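Here is a short briefing for a reader new to this structure. Please look over the sequence and the model before reading on.

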Amino acid sequence: MVDIEELRKQHLETQFDQKEFVLSADNLIIAARASGETREEFLDPENENFQATPAFLCSLASGSTLPIDFPSLGGIPMDGGKAVEINAPVKPGIKLTGKTSLHEIYDKKGRSGRMIFIVVRMDLYNDDEELLATTDSRLVIREKPDS
Amino acid sequence: MSVKTISDVEFGEELPVFNPDTSLENTSAFAKAVGWGGPRFEDHDGARKEGFPGALVPGIMGMGFLVSAIHKWAPEGQIQNIDTVFRAPMLADTPAIINAVVTDIDEDDALVELDMTIKNEKDETRVFGTAKVKIPPS
């Protein structure tokens, strides 16, 4: 059984991935409209405050899901949820840099075994190193007993 | 009913119920726009071949529905953060009902906290979450 405290010591808050993104205005509009969005700042590229919806930011994924030296826990990671904190509008057509680290690791034990929860955090910056948004992806892994 | 300023918000107030468009055409358009295309999001038969009961609504689209519900209720509000838990998959072409309630009001900082759920017609929770929204001061 994997030692959660050891994993925390080894991996928390250490950046393991960096990836660049440029968002497409067309895709922002399609995703916003499909979500039922009605505000012009998410639908009209001519709006001076045109930006990505919070949900769209959560679609940005790092190049690797977990650090390369993270141990196998046996099960396939499931998407347990997403969170986003917005500091400034994220606009299309500019270079964005996502820096990814593990923010939290914890477990819950049940009758069917242990579930391990991993929060993968991506900080999204513009070219001026301004932190625009932070997204958290909550991975849930059902541990295999012999892992 | 929508709110314009923080003084319009009442503790325990329920946001207007929002029934999002979960048609496969709409959910697959979202999936493709965020780069998550593929059978599980675009085709019921393809999703069943992958072991799902039908084509899935992308989890983050659930967040998108919640955000839209907040924006309809508070047209001038700014979402500071939103946290969603994907409790069970949402299926395309299956109605979803969004409910939200005001659980805290911080008049000094003009911040409102919401608890939100997305349920199916069997009243089963598929997604739940919380959000903090900045509302214009009075």
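The model is predicted. Chain A and chain B touch, with 23 residues from chain A and 29 residues from chain B taking part.

**The side of chain B that touches chain A**
- Three elements of chain B each supply at least two residues to this side: helix H1 (24-33), helix H4 (59-73) and strand S2 (78-86).
- H4(B) gives the largest share, with 10 residues.
- By residue type, this side of chain B holds 17 nonpolar, 9 polar and 3 charged residues.

**Strands across the two chains**
- Strand S2 of chain A spans residues 78-86 and is joined to S2(B) by 5 bridges.
- The two strands run antiparallel.

**Lys144(A)**
- Where does Lys144(A) lie in chain A? Lys144(A) lies in the segment after strand S5, which covers residues 131-142.
- Lys144(A) counts as partly exposed because it has 13 C-beta neighbours inside 10 Å. A residue with 12 or fewer would be exposed, and one with 20 or more would be buried.
- Setting aside neighbours within four places in sequence, Lys144(A) is in contact with Gly74(A) and Gly75(A).
- Lys144(A) is 53 residues from Lys91(A) in sequence. In space, the C-alpha atoms of Lys144(A) and Lys91(A) are 42 Å apart.

Terms used: Residues are numbered from 1 along each chain as its sequence is written. Chains are lettered from A and ligands numbered from 1 in the order in which they are written. This is a predicted model: local features need pLDDT of at least 70, side-chain atom pairs count only at pLDDT 80 or more; totals for chains, interfaces and linings use all residues. Helices (H or I, at least four residues) and strands (E, at least two) are DSSP runs, numbered from the N terminus. Two residues are in contact if their C-beta atoms, placed from the backbone, lie within 7 Å. Ala, Val, Leu, Ile, Met, Phe, Trp, Tyr, Cys and Pro count as nonpolar, Asp, Glu, Lys and Arg as charged, and the others, Gly among them, as polar. Two strands pair if DSSP finds at least two bridges between them.
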